[in-house]
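Reader: Hi, could you walk me through this one? I'd like to start with how the chain holds together.
Author: Happy to, here it is.

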Amino acid sequence: MRVEVDFDLCQGHAECQAEAPDWFTVGKGSEAKVRAKRGVVPDDQLEAVKAAVKYCPTQALRLVENQTHQE
Ligand code: SF4
């Protein structure tokens, strides 16, 4: 699974960072948008990332299946 971020929806609440600090970083002030790691979420991060997706108050995060093609 990979994470997709809708930056129009993200309001920098940082719930995602609280749930999965290894995957999400959120700035402060006008930079308060999430930065998510790219690429496939490893198994040991998946539960934390799923929680982040679930608890994002604006539903800005989405888990998507891995693409079958190579990038
Ligand atoms: S919890 Fe949602 S709104 Fe808040 S910083 Fe993360 S992605 Fe953005």
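Author: A contact here means heavy atoms within 4.5 Å. Among contacts between residues at least 6 apart in sequence, 58% join residues at least 24 apart. The model is predicted: local features need pLDDT of at least 70, side-chain atom pairs count only at pLDDT 80 or more, and totals for chains, interfaces and linings use all residues. Residues are numbered from 1 along each chain as its sequence is written, and side-chain values use heavy atoms, with hydrogens and water left out.

Reader: Thanks! What pattern does the protein follow along the sequence?
Author: The order is β-α-β-β-α-β, from 2 helices and 4 strands. Those are DSSP runs numbered from the N terminus: helices are H or I with at least four residues, strands E with at least two.

Reader: And how many salt bridges does the count come to?
Author: The count is 1 salt bridge, meaning a side-chain nitrogen of Lys or Arg within 4 Å of a carboxyl oxygen of Asp or Glu. Arg 62 pairs with Glu 4, their closest N and O atoms being 2.6 Å apart. Arg 62 lies in strand S4 (residues 61-64) and Glu 4 in strand S1 (residues 2-5), so the pair ties together parts 58 residues apart in sequence.
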